[in-house]
Protein chains: 2
Amino acid sequence: MAYRQTDRVAARLAETRAGILDAARALVAEGGFAAVQMSEVARKAGVATGTLYRYFSSKEALCRELFREVSSREMGKLAEIAAGHGPASERLVEVLRTFAGRAVKGRRLAYALLAEPLDVNLAEERAFFRRTHADIFARILEDGIENGELPAIDVRIAAACIAGAIPTALIGPLAPQSHELDRNADRVVEEIVKFCLAGVGVTLTARRESNSERRTVA
Amino acid sequence: MAYRQTDRVAARLAETRAGILDAARALVAEGGFAAVQMSEVARKAGVATGTLYRYFSSKEALCRELFREVSSREMGKLAEIAAGHGPASERLVEVLRTFAGRAVKGRRLAYALLAEPLDVNLAEERAFFRRTHADIFARILEDGIENGELPAIDVRIAAACIAGAIPTALIGPLAPQSHELDRNADRVVEEIVKFCLAGVGVTLTARRESNSERRTVA
DNA sequence: CAACGCTATGAACCATGGTTCATTTCTTTT
DNA sequence: AAAAGAAATGAACCATGGTTCATAGCGTTG
């Protein structure tokens, strides 16, 4: 017996591993998953290319872990709100606002998670991510229908519509120009949320947030 | 002077060109644009790989032309309806039904056009395609608002929401299972359309199709 | 500090798939 | 039918980018 990993080493290894993920995350934030090349990750993390393979069995494994890490943060926020105990329609409004609001703020990341062309492996992770979103929406809708707050509709379908409408309206080719979004983020988010709420039969009554215009743009 | 293309040859060339596009289209219908490999296209078209490059300057050029050809057929249908002279809300219903209905029937193709991960070049073509969709929706909405049929909303945003909701709810990971879609296509389409209409403030009044429920369960 | 084995290295390797080009085959003209 | 292009061929070529592996460097133990 001549070697056993010591705590100090274990810590250093963990740090390297984290550093690699950090580097990859930074690349995603800059240029999406398309910008994650093993050689670049290595360079950015300050290790050799080969080293990456001591921590991750393949590029796919690295990207999957990264995707999960990043996306679970997002889902966590929404799940938390969804699990609250208020009326369903209020939780719904808040979830939608949060979803849309975070997507606008972190557009780059949101693009990578929701809209960027990915290869099939990562598309699987994304599918899981989106399904979870839809589940969150559907759950709230069910609550609302059960207790009569909302009209009865097919919650799976409505949830999918919402999960499609919000990202499409905020990122990608159908979204407003980026600088326009920066200027009007709140108004745009509010308009999208309004659409989704109306879609499930909720009409937004005036509230605190609506210092923003209620004028109906032509 | 020793050669000048004769009509017969020109016709044969045109035929070969069309054959190449056909082969590529068939591959798209089977496995999306991912299945379009130059060698496969050549095999299917019954020509040599090199021959493809006598007709198309690159794979990109071939795919773009194909994308345009296929997508313009779809857009044509919608544009036609949109240009009609009936009330905006009726045109809207019909456009949405047509869009969704065709997407369900030609799911494979719809996937390739709307949802499949594509590389950047083709993503440009798709962006154009989707923008055109959104324009069609937006146009009708504007009409409806102008003449008071519809409440005033931001038509660009609503159009983007619709253009996102429909494909998401019909194809990809959030869509119902394929066999379920086959069984319930009409009901699913109707439900999605209902969501979108409600989103822009139209409530579907009972019509021929609406033997389906309108009850609002408590 | 010697021996052993874990960790890191990065240039070489390999797979994929688009593109080229020397050669052959086919058409047209005289 | 021979000359001169045009068209077709498909194997070789090349670019990209992920993965491997022989080697060097470090840490741990006795």
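## Fold, pairing and DNA surface

From the N terminus on, the elements of chain A follow the order α-α-α-α-α-α-α-α-α, which amounts to nine helices and zero strands; helices (H or I, at least four residues) and strands (E, at least two) are DSSP runs, numbered from the N terminus. This is a predicted model, in which local features need pLDDT of at least 70 and side-chain atom pairs count only at pLDDT 80 or more, while totals for chains, interfaces and linings use all residues. Residues are numbered from 1 along each chain as its sequence is written, chains are lettered from A and ligands numbered from 1 in the order in which they are written, and side-chain values use heavy atoms, with hydrogens and water left out.

Along the principal axes, the C-alpha atoms of chain A fill a box of roughly 70 × 40 × 30 Å. Of the 218 residues of chain A, 47% count as buried, that is, under 20% relative accessible area (1.4 Å probe, protein chains only).

The largest nonpolar core has 146 residues, of which Phe33(A), Leu170(A), Phe33(B) and Leu170(B) touch the most other members; such a core is a set of buried Ala, Val, Leu, Ile, Met, Phe, Trp, Tyr and Cys residues joined through side-chain atoms within 4.5 Å. Leaving aside residues up to four places away in sequence, Phe33(A) touches Val28(A), Cys63(A), Leu66(A), Phe67(A), Ala112(A), Glu116(A), Leu118(A) and Leu122(A), where contact means heavy atoms within 4.5 Å.

The table gives polar contacts, meaning pairs of N or O atoms within 3.5 Å.

| Protein group | Distance to a phosphate oxygen of DNA strand C |
|---|---|
| Gln5(A), side-chain N or O atom | 2.7 Å |
| Thr51(A), side-chain N or O atom | 2.6 Å |
| Met38(B), polar backbone atom | 3.1 Å |

The elements that give two or more residues to this surface are α1 (7–31) and α3 (49–55) of chain A together with α3 (49–55) of chain B.

Terms used: Buried < 20%, exposed > 50% of the residue type's maximum accessible area, 1.4 Å probe, protein only. Polar contact = N/O pair within 3.5 Å; in protein donor to acceptor, adjacent residues only side chain to side chain.
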